[in-house]
Amino acid sequence: MSSFSAFNKNALDVSDPSEWQNSKLPNLSELETLERCYICKEFFKAPVITGCNHTFCSQCIRQYLITNNLCPLCKSEVFESNLKRDVLLEEIVTCYARIRPHLFKLLELDRLEPTDSETMEIDSSPIIIERENLKRPADSSDDIIEIVSEEEIPNLGSISSSGSTPDPEVKRLKLESEVKDDPDKASCPVCGTSMSISFLQNQHIEECLNGKVTTKPKPSTSFPVQLSKKKTTSKGGIASFFRKRETSSSSPIPSSSPTLNPHESLGHSDFYFKEVSKHSTDNKKLPKLDFQSLTTPRLKEKLTASQIPINGTRTQLELRYNQYYVLFNSNLDSNHPVSEKVLKQRLHQWELSHSAFKSPSGDLFSSGRSSLSHKSISSKTFSGKEWINAYQSEFKELVEKARASMMVDKKKEVAILEDQTGDESVESTSNDIALPIESKAADSNVSVPPVEPKEDNLCI
Amino acid sequence: MATLPKRIIKETERLVSDPVPGITASPSDDNLRYFEVTIDGPSLSPYANGKFQLELYLPDEYPMCAPKVRFLTKIYHPNIDKLGRICLDVLKDNWSPALQIRTILLSIQALLGAPNPDDPLANDVAQEWKQDEQKAISVAKEWTEKYAVSKD
């Protein structure tokens, strides 16, 4: 259960188009669905377009094309060499993704009905703040989320959002101002006239912004919405409407959040219109290797040429090359590529989460044992009893190893937490990631993952 | 150090917070790629009233390859063999990364409602199914009663 609650906290970082369904503009979920990759369901990262005119994250489609050759969307044949990067779309999507948390606040909170608004405001605002703050570090670290133990979570929060924990004072003020407000009335942010909310929302605001002399508000109580009661003198149209809410003292956005100023350029249009030299595609991509025609020493030469580790079994070498090949080539499709050093860190991180790299027993099923090899499970003549008999002792052994290593891990975690405080313990986990692969292999005997026994169960 | 792609987190979150009617899926405590699943037999099928246990594992390559799913509860079905393995196109050749855990489990539920003896996995069952469908259906009901209906 503990891992699952940690999981829930991490999940705060995960946004989904369906969240717009409860906003003032549910159609945004459609826009957002289109801005997300069909494969990973995240916002496009380095989008590329296929020969059949479908768009995916470069990394997703390249990974997919290692084992398949059909478009995931339309099933027509796709050649990796035909993938073209889409510079404009990447800028559009990153721009939108940066604006999204703000847009979400503007469109979601307004919708709350006054009866629950006090409690809802308090419940929802910190969540959104966390989500926004967590977003940044996660974006920079590929799209893998670390499942940290519960105890580490507060630290994670504290590094990513130093000083931006929701200020209780601000919340209290906000609460008070809302309690005083007549729940059914609000003032127009443009002309300042007070009127019923549904009227304001449905009719008045549009007319007011268009400069029409407004019709008299009719008394109505249906579907009230919270709006700031503050009178404004500015008549700057729709932009001032947003700015007012953004900067008002009772704004749900905490002052510390590194907010975007609506007038400040985010740099996305500059990149598209001015830095045209960065839009070319003549970068050298890594070649796809035909492993069957390569001897292991030749393969190691290729790995060395790309300066990636050459330890491990043949299967591991092949997996590692392919992963680096995908990381490297998709990085070239990005408008804002990272350094090779970062790519190598990501490669290492990927190995840590891949079961084929977990322990020597990980290859148990992929190599040797021709009579009862891993593949035979899928054949119709497969005998479950024989399999169980052959592997029973190993299953037990693995389960025990896994239990033991879980205990060891838990103890280690506790020790780390006791030794260090706050940010330091988080730092230590990130150092872990940067460890060279050799040392990982050296202590891999200890860390038999709990994955194996489960996977075995599945195969019986 | 467990790392989990965002997509899996998102899918799990939705499965738990917004479950499909008649289907439950919850991740294992010690391995978030391993799910314990139950599927209710469709009401107009011989599997009605049954609660079937399955296990689902997301391989490292997911979503580039299909999840591995297997029945744990014994079931009499031409496309499910005695080890619980399932013959379903979307779990094999027709897998697409656009599919997800949710859609796969729905497909399996649909397979319970529409057995296909012409593309069998359990040859003996398929044979009996083709020869005498009424009898096969009654056996399926019997098995459901025996293995899949909880008797508290």
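Q: Which residue in strand 3 of chain B stands opposite Pro27(B)?
A: Opposite Pro27(B) stands Phe35(B), in strand 3 of chain B. Strands here are DSSP runs of E of at least two residues, helices are runs of H or I of at least four, and both are numbered from the N terminus.

Q: Is this an experimental or a predicted model, and how is it numbered?
A: It is a predicted model, in which local features need pLDDT of at least 70 and side-chain atom pairs count only at pLDDT 80 or more, while totals for chains, interfaces and linings use all residues. Residues are numbered from 1 along each chain as its sequence is written, and chains are lettered from A and ligands numbered from 1 in the order in which they are written.

Q: How many bridges join strand 2 to strand 3 of chain B?
A: Five bridges join them, and the two strands run antiparallel. Two strands pair if DSSP finds at least two bridges between them.

Q: In what order do the strands of that sheet come?
A: The order is 2-3-4-5 in chain B, an open sheet of four strands with antiparallel pairing. Strand 2 (23-27) and strand 5 (68-71) are the edge strands, each pairing on one side only. From one strand to the next, the twist averages 20°.

Q: Where is Pro63(B)?
A: Pro63(B) is in the loop between strand 4 (51-57) and strand 5 of chain B. The peptide bond that joins Tyr62(B) to Pro63(B) is cis, with omega about 5°.

Q: And what is the run of elements in chain B?
A: From the N terminus on, it is β-α-β-β-β-β-α-α-α, with four helices and five strands.

Q: What span should helix 1 of chain B have?
A: Helix 1 (residues 6-17) has twelve residues and should span 16 Å at 1.5 Å a residue, which agrees with its end C-alpha atoms being 16 Å apart. The expected span is 1.5 Å times one less than the number of residues.

Q: Which residues of that helix are buried?
A: Among them are Ile8(B), Ile9(B) and Leu15(B), and also Lys6(B) and Arg7(B). A residue is buried if 20 or more other C-beta atoms, placed from the backbone, lie within 10 Å of its own, exposed if 12 or fewer, and partly exposed in between. Of the 152 residues of chain B, 44% count as buried.

Q: Turning to chain A, how do helix 3 and helix 12 cross?
A: The axes of helix 3 (residues 58-67) and helix 12 (residues 314-332) of chain A come within 9 Å and cross at roughly 145°. Axes are lines fitted to C-alpha atoms, for helices over the stretch in contact, and angles run from 0 to 180 degrees between N-to-C directions.

Q: Which residues meet there?
A: From helix 3 of chain A they include Arg62(A) and Ile66(A), and from helix 12 of chain A they include Val326(A) and Leu327(A). Contact requires C-beta atoms, placed from the backbone, within 7 Å.

Q: What is phi of Lys41(A)?
A: Phi is near 65°, a positive value in a residue other than glycine. Lys41(A) sits in the loop between helix 2 (28-34) and strand 1 (47-49) of chain A. Lys41(A) is buried, because 21 other C-beta atoms lie within 10 Å.

Q: What about Ala46(A)?
A: Ala46(A) has a positive phi near 50° and is found in the loop between helix 2 and strand 1 of chain A. Ala46(A) counts as buried, with 24 C-beta neighbours inside 10 Å.

Notes:
Two residues are in contact if their C-beta atoms, placed from the backbone, lie within 7 Å.
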